[in-house]
Amino acid sequence: MKNIIKKNIFLILTVSSFFSVNPLFALDFKLHVVDPKSSRNVSEIPVIVLETKEKFFTNQDGIAKISIPDKGFYTFRIIHPEKGVIQSRLKIEYENQEITFHTSRPGTQDASPEDGIVVTGKKDKTKLSRYQVRLDEIKRLPGSFGEALRGIESLPGVNAPPFGFGDLTIRGAKENANYYMIDELPIAFPFHLLPLDAVIHNDLISTIDIYTGAYPANYGNATGGIIAIETIDDVKKFGGHTTFSLWSTKAMFNGPIGKGGYWIGAGKVSYLHLTFKPYIPDDILPPVYYDGQFKSKFKLTKNQDLYLYAFGAKGYFYASVKKDPTWDPTTELDPIVIGAKISYNKAFHTEGIRHIWNIGSRVKNKITLINTETVEELDGSLGALKANRTSITGYYGIREELFWEVMKDHIFLDIGAENRIFKYDLKGDLPVLIDPNDPSPNPYDTQNPDFENIPAEDSVRAAYNSGWVVATLRAGGFEFKPGYRLDHFAMTDQTVLDPRGTVSYKFPTNTLIIAGAGVYHRIPEMFQISPTSGNSDLRMERAEHYGLGVEQTHGKWTFKVEAFRHYFTEVVVEDPYIRTPYQFNHAYMNRVSDPAKFIETEILNPSADRNRDPVLFNQPLYYSNDGTGFSEGYEIYIKKENPPGKNGWYGWISYTWSKAVGNSHQHIITEEEKNAVYTADERRAINQYDNTKDYYMDYDRTHVLNIVFGYKLNRNWQFGSRWKYMTSRPYTEIIGDDGGKYSNNGRKIYLPEYSPGVNYHRLRPYHRLDVRVDRFIHYTWGYGSIFFEALNLYARKNPAGIVWSNARPFSTTNPQEIYDFSYLMASAGKKNIRIPLFNFGMEVKF
Amino acid sequence: MKTKTIPFILTLLILSGNSCAFDSKGNEKDKEEQQAMFLTLIKPSDLNGTCITAQDAALSCMNSAGGAVVAAQYVTILETGYKISIPAPQGSSEICGVLPASPYYPDPTNNPNSLDYKTYSEQSKICSLNCEKIYWTTINTEGNCTGSNYPAVLADQTHSLYMANHSVYKSCIKNCFVTGTVIP
């Protein structure tokens, strides 16, 4: 049997790769497959051209891009999931023609599939824990300030603060455990410093896939979710798009290059610091940012494409708080920040060159050269603390991925490898606690400081290599997708093998039952694993995902229910206790350039300066892999689609019940221990005792419900609404203050004392209704649109958390609840009333 | 077709069932836990013995400085500072019978009636006494236990735990309460 199989595979491989029918095509056109009864696009189904024996697939919009040798009559056969095989003979008359194929029009005739038809390599996306949204569905989502990327916040399993910084928590994983990609190229951060703006232009986006769990082995370096943005891949004529708002302007231009190629350039620039200048104090520069994206495609041959990519974003801000005292607690800022200064700058750039080759009809090869770099600069001071550091993180590498249909309709392989040289440079001075166990360090004490500044200087180049294989085995309604991923990261000196897989069965009724599981690893943050200012012995974080779901589609409707449980181990946490008996003083040794001088100054005439000791003893390491956690829950997703450009309504309901629990496993100092003096050795032993309890993670929300409704009335008007309901995040109760032990510039500072019950309390639930109206004005050259949105239509005072004022002792008014800013106050006679927050904007497309 | 597909599926099922994750870091010893365990095993626990050794060193210095008169002054300082009554003949054994038990020891400023009062563990008292022994031995070796120096010697003793100016004593105390034992 094995010999037969081997022989069969070899034959298929050989024939399909080298001798399959692969004529030099000459004419491209689009076949738009539509179900006329439901007016719904029929996506992701095969379309066969009988004359050429080529098979293509429709995309999310129901469009298959088909190549034929010349114009004329051709017979097209589709394999519809509900209606079986449908065939029609159509005439193709010119290049780029778009023809509609109705799945039940009169005259269609059933036919049986023919053998010997070959398949164009196509990546098959997992069905489990993946949600996809189209640009047109989320671009005009109310409350998202026109940023399509914010649309994913309304999907199941996604938990985001109402006005957050773009930091998503997906199925209970930490915010930084997710991985963002544009066309499989990494981006360091999805939103700017002012998170109303994303770092990618809306109209460059085609679709966004969010993988919330048990995703396949071709995705790495994430223990949370994957946000995969796919950009548009079709430009027919020169055009553009601009959007104006009070704080930024964005523009995109595009045009064709030769036959089948194109270029797209997009960018954004902010001017908040100019438009709001009268309201901004002189010593504050609000976030200034800009970004740019460039993508181009060159059609080298009929089967080979070359893509060039360049993405980048940069932002900075500056703030300082004067020391001038007014002694008025109602006007002065919190005493903790009096005299503080901060200057922050962050940027990233990613470049890619990608070659895609459809080798024959069953094999597709994709090779990408990648370079990416993230730069962060921080310069600030707070009391006696001073920080000044510049870090550069990134990698350059090559990614190779091969898609191979081994056995027609039954066995598919996705094999890939990525070899990277990871780089990390850090330079500057960092303030660290002299005694990390000090429960209340005083940052304002310059005489007997609790902090010391240590020089940090890292320059690391390390191999970060990955390989993966994902198989798809399909027979009848059954599908099994096992996969393995191997990662080696030299900085952690680890090689990990992650098994992952899904298994599903699709009933003839279009009911899909699917289950999946996988192991995932993620490298630590660079400041955590820094040899000079962190713990260079850290390991990768680890997660296990388990999921089970049922999906039912019917016409334009999708109904999906999933349950999940994720485990998180080896989580990097702050560790005040971890120390190393000795370590090399990397910051100093990295600066040694002349060995002779080093011997003379340091060995023969040693210095008492700690920063000039080649070896440091008993050094704190600040971080460990002690953290653990788990999350569990279930999600319900009901969606009704509307074809792009069609009138009608669309929307979805997403509901998530979840629980996210964690534990840093860092010994909690008891009251008895607080009132006792132990030797350092005793404390070290006591600190090994894990007296911790699991606690709800800071971002845990039990219920998250989104109801999204959109209605396209006609080509001139569109209406949208979203109602969001969330359980408030947990918090730790403040039960007192420290009596005001410290002071800053003469102002007493009261530090809060917390209850031992970590995250035991929650505020009232959060809910609000946002609505939006778009008015389109059409011209021969394109269209203009004006939108108006009202956030929090019923002007609810939604809790945003509790705030503690360090200027005042504990009282009934300190701490106090604060509310989010989704309403305005207006005077009505003698009364102040709350009204919704309004927003408007304008866009032009040509 | 199905007969050919099944072995593939079975093979992959078996492979996925035998999934193994190897972690090259997993076998490394945790220095932190190892050190803590080691320390708990090697620690001395003889409070009285350490105290007697320390007081022997102190009284030896006093006797070198001025004989019984100075030794008596030293005892008085202890009685005053730590609010204890040392029985006759006020030798090391008598001192150590009451000194470590004083709620003020080893920090005379640590008032048990204060809200900020902290109890010292037995190990911290042993460590402090050991530092005292090192201190007295050192100044004796340095030749400072002489008649002309004894007022200064005694003055040092009136200083509380963290206020002693001698570098050897300060270094020892730092090792006790901040650095801890460093195991190479």
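Guide: Two strands pair if DSSP finds at least two bridges between them. The model here is predicted.

Visitor: What makes β10(A) and strand β15 of chain A a pair?

Guide: The cut-off is at least two bridges. 5 bridges join β10(A) to β15 (residues 205–211), so the two count as paired. They run antiparallel. Y131(A) stands opposite I210(A) in β15(A).

Visitor: Which sheet holds these strands, and in what order?

Guide: An open sheet of 5 strands in chain A, ordered β10-β15-β16-β13-β14. Its pairing is mixed.

Visitor: Why do β10 and β14 of chain A stand at the edges?

Guide: β10 (130–134) and β14 (185–186) each have a single partner strand, so one side of each lacks a neighbour in the sheet.

Visitor: Why is K845(A) called partly exposed?

Guide: Buried means under 20% relative accessible area, and exposed means over 50%. K845(A) has 35%, which lies in between, so the residue is partly exposed. K845(A) belongs to strand β51 (residues 831–845) of chain A.

Visitor: What does K845(A) touch beyond four places in sequence?

Guide: D203(A), G240(A), H241(A), W781(A), G782(A) and Y783(A). D203(A) is 642 residues away along the chain, yet the C-alpha atoms of K845(A) and D203(A) are separated by 9.9 Å.

Visitor: Where does pLDDT stay under 50 in chain B?

Guide: Over residues 1–29, which have 42 contacts beyond four places in sequence in the model. Residues 159–163 of chain B are also below 50, with 16 contacts beyond near neighbours in sequence. The mean for chain B is 74.

Methods. Residues are numbered from 1 along each chain as its sequence is written. Chains are lettered from A and ligands numbered from 1 in the order in which they are written. This is a predicted model: local features need pLDDT of at least 70, side-chain atom pairs count only at pLDDT 80 or more; totals for chains, interfaces and linings use all residues. Side-chain values use heavy atoms; hydrogens and water are left out. Helices (H or I, at least four residues) and strands (E, at least two) are DSSP runs, numbered from the N terminus. pLDDT is the predictor's confidence in each residue, from 0 to 100. Contact means heavy atoms within 4.5 Å. Buried means under 20% relative accessible area, exposed over 50%, partly exposed in between (1.4 Å probe, protein chains only).
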